[in-house]
Amino acid sequence: MDLFFQQIVNGLVLGSIYSLVALGITLIYGIMHLPNFAHGHLYMLGAYVTFFLITDYGLSYWPAILFAVAILVVIGMLLERLVFRPLHHAPHINSMIASIGVMLFIEAIARKMWGSDYRRLDSPYDGIIDLFGLNITEQRLLVIVSAVVLMIGLHLFLKRTVIGSTIEAMAQNREGAFLVGINANKVSLMTFAIASGLAAAAASLAAPINLVYPSMGAMVNLKAFVIIVLGGMGSIPGAVIGGYILGLAESISGTYINSEYKDLAAFVLLILILTVRPTGLFAKEAR
Amino acid sequence: MRFVPGSKWVVAALFFVALAIPLLTDNSYYLNMLIMVFIWSIAVSGMNIIAGYAGQLSLAHAGFFGIGAYTLGLLMVKAQMSFLVSLAVSVVLTGMVGAVVGMISLRLKGHYFAIFSLCMGVILSLVIEKWESLTEGVRGLLGIPVPKIGSVEFSTLTSQYYLILFFFVLAMFVNRQIIHSLVGRTFISIRNSEELAESLGIHAMKSKMLAFVYSTVLAGLAGALYAGYLRFLGPEIASIEHAFEMLLYLLVGGIGTLWGPVVGTALVMTLMQWLQSWQDYRMIIFGPILVLIVMFLPHGIMGAFAQLKKNQPSVLPDTTDDKNRGIERGVNDRRLAGGESDA
């Protein structure tokens with residue numbers, strides 16, 4: 001039974017990271033109707049930036065996270081401005097292909113600059129906490145708690161502030177948002193900034209648990225897509241719930257079924273669900 | 001073949017050049033290069049049918065290439081079947097897997113289909129890699145016998161060249177017939193608007209299934225030829241990176257054009273050969289190229305060529321017949337493929 005609860009905790013850790021990445025993808029999809037295939041690679045960049053800020057520039061953990069988030073916010077905004085905004089009026093498939101181009105580019109750059117080796121970031125919090133008989137490293141607890149804090153922060157931002165609600169408004173009804181004078185360009189720029197920031201935060205939090213390497217973004221990216229298809233594309237609660245479901249499904253199936261096929265779990269789950277419900281579990285309307 | 005009036009002659013001339021090449025040179029480097037271009041062109045032209053004509057962006061085609069390749073390899077190595085039978089079985093089997101995948105995935109529209117196909121591609125490559133008892137996993141499948149048809153053994157590079165050229169020409173011929181037929185027009189009408197096509201009485205699902213299964217058959221054929229040619233298989237041929245590479249070939253050459261897949265594959269593969277020492281980093285160049293193409297040349301080289309020809313006041317009488325005009329309209333359509341109405 002202990003093993004089971006241990007896996008629940010692991011699943012929550014995984015799920016927190018997946019949810020944060022998926023939230024970014026779903027926000028961008030909600031606003032721009034663009035499945036941003038490069039999002040997982042922004043996550044990877046975030047991990048590298050944090051890693052180098054700590055190892056090469058001697059920053060401590062928290063400032064490094066803040067800087068990494070800031071840098072990724074800038075990169076995200078540049079991407080929006082240079083690649084996706086010019087393509088906004090083109091057919092959707094064009095921007096989808098462009099995002100694949102960006103993805104390939106970011107991964108190749110990372111390989112060129114930092115090599116393909118796996119790097120390990122030492123956690124500043126490597127103590128072990130005894131929680132109701134379960135042993136959890138502090139870092140894992142930190143991931144779970146910070147993810148919840150970030151999600152609550154995002155929720156409050158979207159619901160309680162005027163700027164935040166422009167995002168919500170545009171996601172709900174584009175024309176309506178224009179009618180009340182919302183600037184679409186500003187909103188999409190901001191959405192990209194927030195989404196990239198979330199990816200960087202997730203990466204920085206996860207870096208001490210996972211290894212840092214150029215293709216680390218690819219799998220997370222695919223899984224985040226599975227999540228938002230599960231949760232309904234553009235749905236924020238869907239991304240959060242879907243993230244935790246997938247994290248738990250993965251860690252439990254990895255322990256009890258077969259760890260070789262652990263990565264398959266996500267995709268098989270997706271196929272099963274789409275076979276039964278072609279619009280995802282929480283889709284607002286049939287498309 | 002709508003790019004030039006009289007393009008028939010260009011194609012015929014190129015065909016004879018292709019036939020004559022092994023007589024002109026026995027440089028194994030060039031022959032090998034051409035063989036690879038033919039093989040990948042077949043696969044990319046499959047992707048073109050479903051993405052470029054029917055408008056459904058499929059990223060699972062490297063997986064189907066892998067199925068074709070591994071089926072041929074396994075049948076020849078483990079079941080000692082003959083080349084032709086194995087080839088036929090691998091093509092049919094790929095088509096059958098394609099039909100099952102299509103039945104589930106084609107109900108999804110636009111982005112959902114693309115994402116689903118991406119996941120499907122990952123599943124196929126993971127299965128090929130992890131099912132070690134069957135595929136030998138990362139060790140790779142070794143010792144595929146030399147292809148033999150009757151008493152003819154395709155052991156030399158030249159004979160392989162003609163074998164693969166035959167299938168390449170066959171595939172391009174069938175593609176051309178399909179694209180210029182009513183069925184091909186049906187695909188285009190679905191790309192332009194599925195709702196409109198259905199209101200005209202087109203069974204969209206049936207047409208999309210046809211396009212998808214045919215496109216997977218081409219990918220499977222290419223895979224099987226690849227296995228028979230290299231006679232060694234590793235699981236990475238089914239990897240998602242290859243699907244992205246195929247997408248790159250398709251876009252550079254021109255998505256939704258008959259010859260785009262061939263032009264793009266030849267051009268990009270040649271460029272990649274030059275950048276051999278860059279191997280892992282070549283996407284530093286090709287990633288941005290992909291972005292620039294969708295921004296400025298959404299129909300790739302062949303599309304730009306067609307546009308150029310159209311804008312040029314022609315001294316020749318316009319020989320394009322009705323059929324060709326229909327396809328030109330498809331090219332000029334703002335929509336590239338798979339798009340859905342702007343939300």
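Me: What is the count of salt bridges between chain B and chain A?
Reply: The count is 0 salt bridges between chain B and chain A, where the term requires a side-chain nitrogen of Lys or Arg within 4 Å of a carboxyl oxygen of Asp or Glu. This is a predicted model, in which local features need pLDDT of at least 70 and side-chain atom pairs count only at pLDDT 80 or more, whereas totals for chains, interfaces and linings use all residues. Side-chain values use heavy atoms, with hydrogens and water left out, residues are numbered from 1 along each chain as its sequence is written, and chains are lettered from A and ligands numbered from 1 in the order in which they are written.

Me: How do you know that chain B and chain A are in contact?
Reply: Contact means heavy atoms within 4.5 Å; 42 residues of chain B stand in that relation to 50 residues of chain A.

Me: What makes up the area that chain B and chain A bury between them?
Reply: Buried area is the accessible area (1.4 Å probe) that two parts lose on being put together, summed over both. Here that comes to about 4300 Å², with 77% of it on carbon and sulfur atoms. In chain B, His111(B), Tyr112(B) and Ile115(B) lose the most area to chain A, together 17% of what that side buries.

Me: What share of the residues in chain B is called buried, and why?
Reply: Of the 343 residues in chain B, 57% are buried; they are called so because their relative accessible area is under 20% (1.4 Å probe, protein chains only).

How values were computed. Buried < 20%, exposed > 50% of the residue type's maximum accessible area, 1.4 Å probe, protein only.
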